[in-house]
Amino acid sequence: MSAGQKGILVVDMGAQYAQLIARRVREAHVWSQIAPPDRALEIAREMELGGIILSGGPASVYAPDAPSLTEEILELGVPVLGICYGLQWLVQALGGTVVPADKHEYGRTSVQVRRDEHIFEAVAGRTVVWMSHADRVEALPEGFEVYASSNDCPFAAIGNPERGAFGVQFHPEVTHTVRGREILQNFVWRVCGLEASWRPDSIVQREIEKIQGQVGDDGEVVLGLSGGVDSSVAALIVHRAIGDRLHCIFVDNGLLRLGERESGEALFGQHLNMDLTVVDASAQFLEKLAGVRDPEAKRKVIGHEFVEVFREEAKRFTNARFLGQGTLYPDVIESVNVHGGNTAVIKSHHNVGGLPEDLEMDLVEPLRELFKDEVRDIGRHLGLSDVLVDRQPFPGPGLAVRCLGELTAERLESLRLADRIVTSEIEAEGLHEGLWQYFAVLLPVRSVGVMGDARTYEEACAIRVVQSEDAMTADWVLLPQELLAKISNRIINEVRGINRVVLDISSKPPSTIEWE
């Protein structure tokens with residue numbers, strides 16, 4: 001973080017969506033950082049601290065193994081906001097009482113705001129919030145007052161403005177809490193007094209300074225360029241930091257969509273005038289992936305082969321000791337327990353969990369702490385076209401995670417053609433605006449069909465269409481029936497090897513956006 005730029009420390013008390021709190025703070029244009037309880041005090045003292053938010057969590061504060069942190073965190077002279085479990089920990093630490101609730105609260109709940117000030121500034125009357133708790137506050141610590149209550153939760157929100165300590169039993173970070181963003185904004189802007197200075201220009205300058213310090217005056221960076229918005233923005237930032245000492249490598253691994261290689265060459269080689277090398281490694285990747293069916297194994301093979309290609313290409317340069325990547329914060333969260341907390345590993349991303357231990361290159365990842373919407377804002381700030389910035393995300397392992405089962409050149413070609421039909425038809429109707437992703441998935445499931453009075457026994461194709469803000473959660477989208485019929489008819493008639501099309505109507509969670 002740039003000197004003097006104060007931020008919020010989010011302490012992860014075991015919540016799956018602690019990162020969502022951090023993202024909401026960023027949306028208020030304030031820097032935020034996540035830390036586990038056992039490192040919270042250390043990190044708080046290292047950063048330019050402006051406030052602390054204690055996240056929710058599944059445990060009970062009175063349980064012997066409950067997540068906890070040193071009470072010194074409350075003596076740092078900055079405001080504190082406790083959310084759900086965070087509120088209960090705050091109450092217990094300051095002398096209040098928390099007990100099991102007679103009635104549990106889960107889902108949308110109406111609360112009455114009792115004091116429309118501080119965190120509830122301009123949030124008066126009744127409002128709908130999202131509750132998820134099985135314990136309750138029985139007695140408040142000295143100096144605390146009730147700010148909001150519900151029928152079953154008399155202490156739905158509490159506060160002690162003199163010590164700058166507040167707590168909410170509900171979850172303001174989720175969209176189901178109608179005025180949640182305003183409550184968090186009130187905390188960071190009004191209570192903590194922080195400036196809305198976390199913006200694209202300051203983020204870019206921060207990352208440029210970090211890269212220059214890491215790479216030095218003579219270091220060179222080899223960056224894996226996919227042509228998507230993440231690697232494109234990463235390349236532009238690294239290029240601004242070190243100029244022609246950046247060497248972009250576009251790897252055709254045989255897992256790309258139709259036209260992906262050509263569009264990447266045109267954008268970076270011709271229009272942005274960066275040093276770009278295109279490597280056709282499709283045969284190498286498919287050979288290594290032959291017979292591999294497990295999705296985690298696929299990701300690790302792909303990550304390993306990418307690194308091998310980059311290592312080989314790096315030999316052409318004198319000081320290419322660094323590997324650049326477009327890794328995002330959600331990639332890290334799903335792949336590794338980066339903060340040391342209790343969050344479960346969902347899946348490894350090829351550029352996070354799939355990297356070999358003997359990499360022998362230091363990573364340069366200017367987007368590692370950023371969410372997708374922040375990356376898109378930075379892309380626009382750097383002059384990338386809306387066509388590229390708003391392009392739907394494409395996974396690093398490419399079609400490997402959309403072609404379930406064994407990968408063969410024939411199956412991948414069928415998926416490419418089906419995917420092109422899905423995307424082109426949706427875009428032709430103008431329905432892609434507002435969608436997060438829309439694509440085809442090839443399933444290793446064969447079923448009987450009839451074509452031209454002859455029996456077929458071929459694979460199925462799934463259509464996946466979702467809306468999302470940040471890929472951490474997503475809702476499925478139902479396209480018009482006429483459009484779905486047209487897509488299905490085209491796939492079955494134009495793509496060899498597919499005789500059935502199905503629709504994926506699952507949200508994230510419990511599903512993921514990608515199938516593998």
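Modeller: Buried means under 20% relative accessible area, exposed over 50% and partly exposed in between (1.4 Å probe, protein chains only). This is a predicted model, so local features need pLDDT of at least 70 and side-chain atom pairs 80 or more, while totals for chains, interfaces and linings use all residues. Residues are numbered from 1 along each chain as its sequence is written, and side-chain values use heavy atoms, leaving out hydrogens and water.

Colleague: OK, how many aromatic pairs are there?

Modeller: Rings of Phe, Tyr and Trp (its six-membered ring) pair if their centres lie within 6.5 Å; planes under 30 degrees apart are stacked, over 60 edge-to-face, the rest tilted. Going by that rule, the number of aromatic pairs is four.

Colleague: Take Tyr147 and Phe166: stacked or edge-to-face?

Modeller: Their ring centres are 5.7 Å apart. The planes meet at 85 degrees, so this pair is edge-to-face.

Colleague: Is Tyr147 buried or exposed?

Modeller: Its relative accessibility is 0%. Under the cut-off I gave, that makes Tyr147 buried.

Colleague: And Phe166, buried or exposed?

Modeller: Phe166 comes out at 1% relative accessibility. So Phe166 also counts as buried.

Colleague: Which helix holds Phe306 and Phe310?

Modeller: These two form a stacked aromatic pair, 5.9 Å centre to centre with 20 degrees between the planes, and both are buried. They sit four residues apart, about one turn of the helix, and that helix (residues 295-314) is α9.

Colleague: Which residue joins Phe306 and Phe310 in a cluster?

Modeller: Ring pairs do the linking here. Besides Phe306 and Phe310, the cluster takes in Phe285.

Colleague: Which residue's backbone oxygen does the Asn186 side chain reach?

Modeller: Asn186 is in helix α4 (residues 180-191) and is buried, at 7% relative accessible area. Leaving aside residues up to four places away in sequence, Asn186 touches (heavy atoms within 4.5 Å) several residues, including His118, Phe120 and Glu121. At 3.0 Å, its side chain reaches the backbone oxygen of Glu121.

Colleague: How far is Asn186 from Ala122, C-alpha to C-alpha?

Modeller: Along the chain they are 64 residues apart. Between their C-alpha atoms the separation is 9.2 Å.

Conventions. Helices (H or I, at least four residues) and strands (E, at least two) are DSSP runs, numbered from the N terminus. A polar contact is a pair of N or O atoms within 3.5 Å; within protein, one must be able to donate a hydrogen and the other to accept it, and residues adjacent in sequence count only if both atoms are side-chain atoms.
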